[in-house]
Every structure is written in C-alpha cells, then in structure tokens.
Amino acid sequence: MADQTYDYDVLIIGAGPGGYVAAIRAAQLGLKTACVESRETLGGTCLNVGCIPSKALLHASELLDEAQNGHMAAWGITANATFDLGVMMAEKTKAVGELTGGIEFLFKKNKVTWIKGHAAFQDAHTVTVGGETHTAKDIVIATGSSVTPLPGVEVDNAKGRIVDSTGALELSEVPEHLVVIGGGVIGLELGSVWRRLGAKVTVVEFLDLLLPGMDTDVRKEAGKIFKKQGMDIRLKSKVTGASVKGKKVTLTVEPAAGPSTGSGGAEPETIEASHVLVSIGRRPNVDGLNLEAIGLELNKRGQIETAHDFRTKVPGVWAIGDVIPGPMLAHKAEDEGIAVAEFIAGQTGIVNHAVIPGVVYTMPEFADVGMTEDEAKEAGHTVKVGKFPMMANSRAKANRDTDGFVKVVADAETDRVLGVHIVASLAGTMIAEAALAMEFGATSEDIAYTCHAHPTHAEALKEAAMAVQGKPIHM
C-alpha cells in the first residue's frame, strides 16, 4: 500500500529506457508509480530520436547498398535500385510510433501514471510539474543525456545545415557533402547512412584513431574499413569554426595539437560542405531539475554520483542511466532501471557494470564487452590474446561477408576471459554470447570446448578462444 503521506510510492523523472523500465518494474512489484515525461511520446531519446530511428535508416541504406554496389550482383542478382527518401523516412517514423505506442500500452497495463511535463524538485519528496505538485516516498532521476555542443559551431536543426544526431535523422535531402565532426559511434553510424544514400562523407576526429574507448585493434580496423567504404577520414584534427551561407557551410579545421608555428607543419584549412553533423558526445540532462533545492551536487563531469544501489547522497532520491557515471547506453539504463526498482521495493537489484556490451551498428558492426587489451594490462593482468579473422569463418566466406575478426583477451594465469572484441556483420548479436560467458566467469577454454553450430558466424568466437592457447583449427 502507498504511504498515505505521499501521492506515490515511487516517482520516476524521465521515460527513456531507464525511466520507463524502472516505472514498469516498480509497478510490477506492487508500488504505486508515476513517471514524469516532457515529450509527447514515451521512450526518451533512444526510441524517438536515437537508437531506433537510426537503426531503421541503417537497415534501409544497407539494403540499397547491397543492390547498388555489387554484393547482389556477385550472386547473379540484377537490381537497378532507386530509392524514395520520403518513403524511407515514413517507414522509420512508423517503426518509432509502434514502439513508443507500445510503451504507452505497457504503462496502462501496469497502472503507471504518466505525468506530462518537466519536473523540478521542491524537496527530496516533492516535485512540481506544470505548476502542480506531486509527492513520492522515493524519486528516481532518469533524465538521460543530450548532445554536447561544440564552441564555434552552432547547431540549428530547423535550418538543416548544421545538425546534431536528431537533425541528421530528419534531413529532407541527401547531402552533397556531409562533414561529420566526431569519429565515435553516432557519427559513424549516421555518416554511414548518408554515405550509402549517396553523400560524400568526411569525418573529422580529434584523436589519432576512430571509435574512442574501443580496443586498439578494433579502432585500427575501423579506419581501414571506413576508408575502403569511401569515407574521407581526418584524424588528429579539430573544427574551430563554422559559417553558413545559403546552402554552403564553411568549416575551419586545425590540427588537434593546434596550428603549426614552424615550417612544413600542418596549417589550418577550410572545408566546404552542404551539411555538417556535430557528434562529439553527450552530456547529462540535469538543467531545470532544481537539484540545489535538495542539496544534490554534481561531479566534475556534470554527473550525479550514486552508491552501488543507485542511491544518491540525498535520502529518498535515486539516479540511473546517462545522468550517472558509466557508458551512456540504453541497455545499461534498462538494467539499472530494473535494479533500482527492486532496491526501492526492498529486494536486491543486480547490475554487473564490468559486463556491459557496446555495439556500433555500421556495416560491418563493431562490438565489445569487458576490458580492452590495454585496459587489462593497466589493471595489472598478464594477458593472453586470441584472434580469428572472419575471412577464415566458413559462413562468412560462403556469404562473401568476410570483413573483421574476433579477439579474446584472457588472464594468462587463470585463463578467465577479460574482454571480447568483434568486428563482423553480426557482431552485435555475437557479443551476447561473450557477455553471457563472462557473466558466468568463463575461461577461454570454456568457450573453446563449447560446441558451436556449423556453419555460423559464432564459430569465430570459438576459434578465437582456441587461439588464446595458440591452437585454432581453421587458420
């Protein structure tokens, strides 16, 4: 039963993957639950303007690419493919609507109250939304994240020339030349979409390799693959300014280390583009919450610090997802949403933050879980590494789909798997097996001696695990 002094047992601020999952789980556990969300639809950034619409466009553009650029022709299939961007966008919007509508149905099914608007704290048990006051015994902050701005480059999605990830999903025309600022997950995924639809794509990345945070071997492979696909990759470079004139954007690009002062060094240059995508990262959404009213301070990265059970330092206030430290991933937020609801209900919630997979949904896909080789060494492990190329995998070979490899990083003494890194067309699906194995504390030998169906892409993980001991069969 609800505490009679409060309107709700638990109130969640935000209905993204963390918030809506927390709300549903809390209601399942018998708690009177409300969820505050300002969008007209549920699902947060992920379902509305992130994970889901981007995957819809990635899939559509991959179908076109197979038809236009030789893969189907290699099998004797003739296809004179054209595409209608309006139809493509409409199908993406339809997919989003089906999923956001599904969450609204689940809220009704589980008797979760949706309070529409922006929430601001009055005290640790009270928020105001649209001039109305709501109280709860426990309040969960699950407000997600938004695009990090880049000084000197002003995003204006309405004008459609300099856009962020939201704007890049709504372009009404295929860019003639798209410059992507940032060589991370979002930039490469959306850059891939528009390249396959016919745009010239230039990627400007501050660091010396693409995909910051992933294993070095994977990052090197990414550079080779995207160059082979026709992207112009500018590493160790930064954009310092942008101006828009009509349908042209002029960017100023400098070496990451700054302009050269000596002879023969790299100098600033200008790049002209029809469109620019700013994708340099995301930052927690905490503005407007009035955290000062409850004495909740942020860390140096603008995040809310929590204990292992997602309690903040303010009794009765919890936080999950992108507003707390850790990777900004929908599935991390979902697991935290389930766990925080269980903790609030007096149970024990479980999230193993050491085993959270990440996926880049380009073609091929890039996926990882656990430590990179460098991270494992920095943590004091002596490591053994096994690698197996997809070129030697029978199913990939038969499909003429051989880019990539599987890499297994294991502790040299215990053989326990510390990390798995995959580049393959099905990497996002393949990584689930690696995550499950690591959750159970598997050794590379455990994976190597587990029978895998033949012929499948998954056999490459088995062979990489065998390669840890230096004994793969098919290479």
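## Burial and the site of Thr33

A residue counts as buried when its relative accessible area is under 20%. In this predicted model, Thr33 has a relative accessible area of 1% and is therefore buried. Thr33 belongs to strand S2, which covers residues 33-37, and its side chain reaches the backbone oxygen of Leu31 at 2.9 Å.

When residues up to four places away in sequence are not counted, the residues that Thr33 touches include Tyr8, Val10 and Ile12, together with Ala23, Ala26 and Ala27. Lys111, Val112 and Thr113 are also among the residues that Thr33 touches.

## The protein chain as a whole

The protein chain contains 13 helices and 22 strands. Its radius of gyration is 24 Å, close to the 23 Å that the globule rule gives for 475 residues, so the chain is as compact as a globular protein of that length. Taken along the principal axes, the box filled by the C-alpha atoms is roughly 70 × 60 × 55 Å.

Of the 475 residues, 51% count as buried, and the accessible surface of the chain comes to about 21,900 Å², with 52% of that surface belonging to carbon and sulfur atoms. Among contacts between residues at least 6 apart in sequence, 63% join residues that are at least 24 apart.

## An open parallel sheet

An open sheet is formed by 5 strands in the order S8-S15-S9-S10-S11, and the pairing is parallel. The edge strands, each of which pairs on one side only, are strand S8 (162-163) and strand S11 (232-234). Strand S8 is joined by 2 bridges to strand S15 (residues 275-278), the two running parallel, and the bridge partner of Val163 in S15 is Leu277.

Helix H6 (residues 185-196) lies across strand S9 (177-181), strand S10 (200-204) and S15, and the helix runs at about 175 degrees to S9.

## Ile181 in strand S9

Ile181 is found in strand S9, and with a relative accessibility of 4% this residue counts as buried. Leaving aside neighbours within four places in sequence, Ile181 is in contact with Leu150, Val153, Val204 and Val239, among others.

Ile181 and Ala256 are 75 residues apart along the chain, and their C-alpha atoms are separated by 13 Å.

Definitions and conventions: Residues are numbered from 1 along each chain as its sequence is written. This is a predicted model: local features need pLDDT of at least 70, side-chain atom pairs count only at pLDDT 80 or more; totals for chains, interfaces and linings use all residues. Side-chain values use heavy atoms; hydrogens and water are left out. Two strands pair if DSSP finds at least two bridges between them. Helices (H or I, at least four residues) and strands (E, at least two) are DSSP runs, numbered from the N terminus. Contact means heavy atoms within 4.5 Å. Axes are lines fitted to C-alpha atoms, for helices over the stretch in contact, and angles run from 0 to 180 degrees between N-to-C directions. Buried means under 20% relative accessible area, exposed over 50%, partly exposed in between (1.4 Å probe, protein chains only). The radius of gyration is taken over C-alpha atoms; the globule rule is 2.2 Å times the number of residues to the power 0.38. Accessible areas come from the Shrake-Rupley method with a 1.4 Å probe; for residues, only the protein chains shown count as cover. A polar contact is a pair of N or O atoms within 3.5 Å; within protein, one must be able to donate a hydrogen and the other to accept it, and residues adjacent in sequence count only if both atoms are side-chain atoms.
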